[in-house]
Amino acid sequence: MDAIEISFDCQFFSVDVLARTAHRYTADYFVELIAMPDCLQVRLIAKSLSPSDPMLAARFRNDALDDRLRAQIAECTAELQATLIRAALAEAWPSARSAE
Amino acid sequence: MKFLPPEAFAKRQEGYRLLPMRFRRLPWDTERVLVSSISGDWLIMPRTMLDALVDGAMDPGSVLATDLEARHLITRGPLSTPLAPLLSQVRTRKRFLQAGPALHLFVVSLRCHHTCNYCQVSRQDTAKTAFDMSGDVAELAVERLFEWPGHHLTIEFQGGEPLLHFGRVRDLTERILARNEEQKRGLKFVLTSTLHDLTDEQLDFFAEHKFQLSTSLDGPEWLHDANRPRPGRDSYRRTIEGIGRARCALGEDAISALTTLTQRSLSAPQEIVDEYRKQGLHSIFLRPLSPYGFARRTAARNSYPLASFQTFYRKALDHILAINRSGYAMKEVYGGLILSQLLTPFSHGYVDLRSPTGGCLGAVVYDYDGQVYPSDEARMLAAMGDTTFAIGRVEQPVAEWLDSPAMQRLLDSGVAESLPGCSDCAFVPLCGADPVDHYARQGDLVGHRPSSDFCAKQIGFFDLMLQRLELADPEERKILEDWALPEASTKAHVEVA
Amino acid sequence: MSLALASRAVLTNWPSHSGQYKVTGLLDFSSGNAAIERSVLDLRGLPECDLEALTSLPWMGFLANHQTRVPPGRAWMLLQGPPDMARSGDVLEVQPVASRVAIRYRRGGNGNVLFATERCDNYCLMCSQPPRQVADGWRLSKLRELVELIDADEVSLAISGGEPTLLEQGLADLVRHCAVHLPRTQLHVLSNGRAFSDPAYANSFAGIHPRLSWGIPLYGDNFALHDYVVQRVGAFAETLRGLYALERAGQRVEIRVVLVKPTVERLAALARFIYHNLPFVDHVALMGIEPIGFAKANREALWIDPVDMAAALLDSVRYLNRHLIPVSLYNLPLCTIPRELWPFTKRSISDWKQDYLPECASCVVKEQCGGFFSWVTDEWRSRSVKSISEVCR
């Protein structure tokens with residue numbers, strides 16, 4: 001089975017982000033993350049014998065960009081998220097009328 | 001008197017901060033994303049604008065920024081954008097937690113006339129009364145029922161075929177009503193039954209106590225009888241007769257039906273929907289097979305990939321919408337629940353669409369033998385020899401169930417927001433966790449999201465409904481919204497196991 | 001027909017201080033409801049006969065006209081306005097120093113308001129009662145006295161201002177006073193809700209009145225819009241916090257939206273915001289603007305012809321209605337809004353300020369329509385005002 005290899009600029013993408021993205025593909029692919037001197041490489045090998053997906057690399061790149069954005073968002077908001085949930089569930093509940 | 005222009009209040013020079021948010025690219029238009037708050041409010045925007053937003057580059061006075069602010073996705077500071085509405089939305093979304101389990105399922109007997117090979121129940125022959133719930137178990141189960149705090153309790157009788165042990169149904173109902181004299185909870189009674197061989201005595205009883213009856217109608221006669229064999233091979237005829245008699249005695253709105261979809265069923269989406277219309281039913285629940293009970297044993301013959309169900313569902317949905325457009329109101333129940341999550345700030349608390357999981361927290365199963373489970377699926381696993389989720393027995397107080405190792409397992413893996421793969425999913429505020437399902441299918445309570453059928457099914461539904469809403473003309477949009485919004489009239493009974 | 005609220009009067013034999021008195025006619029007296037010492041007996045139109053047994057009772061005074069005979073030495077008044085300005089059951093304030101009589105309560109009227117204060121901490125662009133920073137705490141005791149004279153079977157009363165919550169505990173005391181003297185009367189308080197961002201204040205109203213509700217304005221789903229309309233930084237945040245505090249205190253809340261131009265531009269978004277964030281509200285009132293007070297100075301910023309609001313109104317009313325939030329339209333003549341919305345309109349302009357235009361005389365739906373504010377001028381008239389000659393079903 002041929003491996004599909006996708007390279008990522010390690011200035012732009014962290015191992016953590018790519019690992020998350022790689023995880024999304026582990027149902028249908030074996031995934032390897034390889035740290036090269038100047039980039040991070042992702043290798044995907046299909047688990048089944050179905051025809052190869054021409055859009056795979058493009059999809060993976062999009063997903064990596066999205067996971068990178070998620071990491072950025074988490075940096076700004078993770079602490080606030082925990083505080084908000086705690087605050088919301090610690091206080092009084094809405095009155096009965098509201099949900100019926 | 002001096003009045004200031006809008007600019008004096010807009011605070012444009014002060015930026016904005018992000019509030020916790022999740023996003024998902026739309027599968028049908030990857031240049032746009034759905035962005036959701038922690039409470040499940042959301043909007044759709046261009047992916048490039050999301051980059052700008054996160055980079056701090058969006059104009060806070062723009063229409064999009066104002067929309068994001070109104071949905072609590074960004075804040076302009078606590079003096080400007082209060083967080084009270086967001087907190088209130090979270091509490092509203094999680095309101096089902098307040099009351100404890102609302103749904104209480106009593107398995108009065110495992111006996112059944114049918115031999116459906118997808119059966120989840122591990123049915124027994126109709127003569128084997130050893131599989132009936134005894135009076136002692138019933139008495140204790142009722143004690144336990146009233147230990148729960150909920151003001152509104154739905155009591156559902158199931159089996160096997162509960163009518164084969166009708167005496168227990170009556171006995172339990174009467175015991176519960178007697179105890180409720182002082183407790184004064186709101187009670188609703190439901191019976192899940194084939195409705196075969198209903199007697200007048202039984203109908204009178206159900207009418208007196210305003211029962212809701214739920215039955216299986218898999219589709220037209222050829223399909224229903226093929227799916228649900230019984231001696232005489234006339235399940236369909238008896239079911240239709242039962243529905244008719246029940247309607248006369250209890251009224252149109254008291255009867256609802258659902259399908260179980262076999263491989264055979266998947267070939268007939270329009271026919272199934274047409275059958276429901278023919279029978280004058282206004283709601284249909286298209287339920288895919290679960291990998292439990294006898295279904296697991298016959299999996300090779302019967303099971304089908306999720307994608308096949310989804311193809312079937314799209315065709316059935318098209319047909320249901322066409323029927324609605326022709327003037328006949330019909331709602332698909334699960335689609336309606338998904339729409340309700342998307343379009344309202346409320347959570348209906350349906351077991352599959354709530355986090356923390358509905359197991360024990362939303363529903364409790366009291367088995368014929370006094371064993372207690374957090375869901376029907378957990379009961380099925382036990383019947384197949386795996387008691388991982390047996391939380392206790394009716395002899396024990398409820399507090400002990402909540403302390404059990406089984407309960408702990410459920411709680412540890414039952415909060416979707418904390419599960420890998422779920423925690424950053426845009427739908428997580430609207431979705432649920434099902435440790436029992438993941439354990440049964442994947443051997444792991446937490447589950448592996450990329451290969452999870454539970455996840456794929458949920459996401460598939462959310463994506464499908466969003467896409468339908470977006471592409472719908474005003475008439476179709478109104479039909480879909482009607483499915484989501486509470487009405488005074490008929491509501492399909494949804495808590496069927 | 002708009003009724004006058006005050007008139008000059010000839011006041012004879014009254015004490016020099018102002019006082020509030022109930023107008024009592026023969027019917028009220030014979031039903032045994034009169035609090036005689038706090039009442040003026042309406043002598044107008046009584047039969048010609050010896051009334052001495054009646055008039056010798058300790059009435060505060062008498063309401064007379066040129067035909068009546070008043071017992072000598074007793075206090076009496078001659079109103080110089082239209083005769084039906086004051087009727088049996090009404091409460092008058094007699095102001096001898098100014099030779100003036102004001103109506104403080106009108107039996108059967110639809111706009112009885114307890115005016116709590118001229119002070120306000122908002123400064124709305126369209127304020128119909130421009131605030132003044134005055135020490136008018138004296139109003140509270142007058143209002144308590146007035147409450148005691150209002151018919152026990154009065155259906156509803158409003159408390160307004162200015163901003164009634166600026167009275168702090170005085171407002172709660174007044175509400176309690178209403179609960180004691182008028183327990184069957186619905187009490188609706190108009191407030192900007194900001195003071196309730198202190199939850200303790202909201203809680204001070206919990207359970208003190210069996211039929212209490214609050215009318216609270218919201219002009220947008222974001223602070224920039226709302227704060228601009230009410231001209232106060234931070235108002236939106238405080239009002240929202242106040243709304244949640246009221247909900248937690250078990251209070252019934254109505255959202256009021258005056259349909260000024262900037263608000264109409266985001267009206268559908270506001271409807272969505274209300275459903276998604278304030279689903280507990282009892283009612284949403286969408287109200288045409290009153291062309292009086294500050295509104296006149298801000299016409300450019302505020303005025304939008306109701307005819308141009310049609311799309312926004314249809315969207316918002318349909319949305320709220322489908323989501324089971326009751327919604328009503330006020331102060332919008334029927335000829336200016338789509339037919340589909342007519343069932344949502346309420347005749348709402350208080351009778352003392354309501355009128356019709358000449359073209360309304362032949363209109364077939366005049367009786368259903370709320371008409372106009374008495375002081376409407378051409379630049380506040382919709383271009384579509386016209387008599388409706390038939391109603392298509």
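Tutor: With a definition: two strands pair if DSSP finds at least two bridges between them. Keep in mind that this is a predicted model.

Student: In what order do the strands of the open sheet in chain B stand?

Tutor: The order is β12-β10-β9-β8-β7-β6-β14-β15-β16 (chain B), which makes an open sheet of 9 strands with mixed pairing. At the edges are β12 (286-288) and β16 (392-393) of chain B; each has a single partner strand, so one side of each is left without a neighbour in the sheet.

Student: How many bridges join β15 of chain B to β16(B)?

Tutor: Strand β15 (residues 371-373) of chain B is joined to β16(B) by 2 bridges, and the two run antiparallel.

Student: Which strands does helix α9 of chain B lie across?

Tutor: Helix α9 (residues 235-250) of chain B lies across β9 (212-216) and β10 (255-261) of chain B. Its direction is at about 170° to β9(B), on a scale where angles run from 0 to 180 degrees between N-to-C directions.

Student: What about the hairpin of β3(B) and β4(B): how many residues lie between the strands?

Tutor: There are 4 residues between the strands, and in this hairpin G40(B) takes a positive phi near 95°. Strand β3 (residues 29-37) of chain B runs antiparallel to strand β4 (residues 42-46) of chain B, with 5 bridges joining them. For R32(B), the bridge partner in β4(B) is P46(B).

Student: Now the interior. What is the general idea behind a nonpolar core?

Tutor: In soluble globular proteins, nonpolar side chains tend to be buried together. Here the largest nonpolar core has 119 residues, and F106(B), Y366(B) and I391(B) touch the most other members. Helix α14 (residues 333-343) of chain B provides the largest share of this core, 6 residues. At least three residues of this core come from each of domain 1 (7-93) and domain 2 (101-285 + 293-303 + 347-401) of chain B.

Student: Which residues is F106(B) in contact with, leaving aside its neighbours within four places in sequence?

Tutor: F106(B) is in contact with A141(B), I155(B), F157(B), L172(B) and Y366(B). There is also a second, separate core of 108 residues, which includes V147(C), L167(C), L182(C) and A237(C).

Student: How many residues of α14(B) are buried?

Tutor: A residue counts as buried if 20 or more other C-beta atoms lie within 10 Å of its own. By that rule 10 of the 11 residues of α14(B) are buried, so this helix is largely enclosed by the rest of the structure. Among the buried ones are Y334(B), G336(B), L339(B) and Q341(B). Their cover includes β12, α13 (306-325) and α19 (453-471) of chain B.

Student: How many residues of chain B are in contact with chain A?

Tutor: On the chain B side there are 23 residues, in contact with 25 residues of chain A. β2 (21-26), α2 (47-54) and α4 (84-93) of chain B each supply at least two residues of the side that touches chain A. α4(B) gives the most, with 6 residues. By class, this side of chain B divides into 12 nonpolar, 5 polar and 6 charged residues.

Student: Which domains does the assignment give for chain C?

Tutor: It gives domain 1 (6-105) and domain 2 (113-352). Their C-alpha centres lie 35 Å apart. In chain C, 7 residues of domain 1 are in contact with 6 residues of domain 2. On the side of domain 1 of chain C that touches domain 2 of chain C, β2 (19-24) and β7 (100-105) of chain C each supply at least two residues.

Terms used. Residues numbered from 1 in each chain as written. Chains lettered and ligands numbered in written order. Predicted model: local features only at pLDDT ≥ 70, side-chain atom pairs only at ≥ 80, totals over all residues. Domains from an automatic or database assignment. Contact = placed C-beta atoms within 7 Å. Core = buried A, V, L, I, M, F, W, Y, C linked by C-beta atoms within 7 Å. Buried ≥ 20, exposed ≤ 12 C-beta atoms within 10 Å, placed from the backbone. Nonpolar A, V, L, I, M, F, W, Y, C, P; charged D, E, K, R; others polar.
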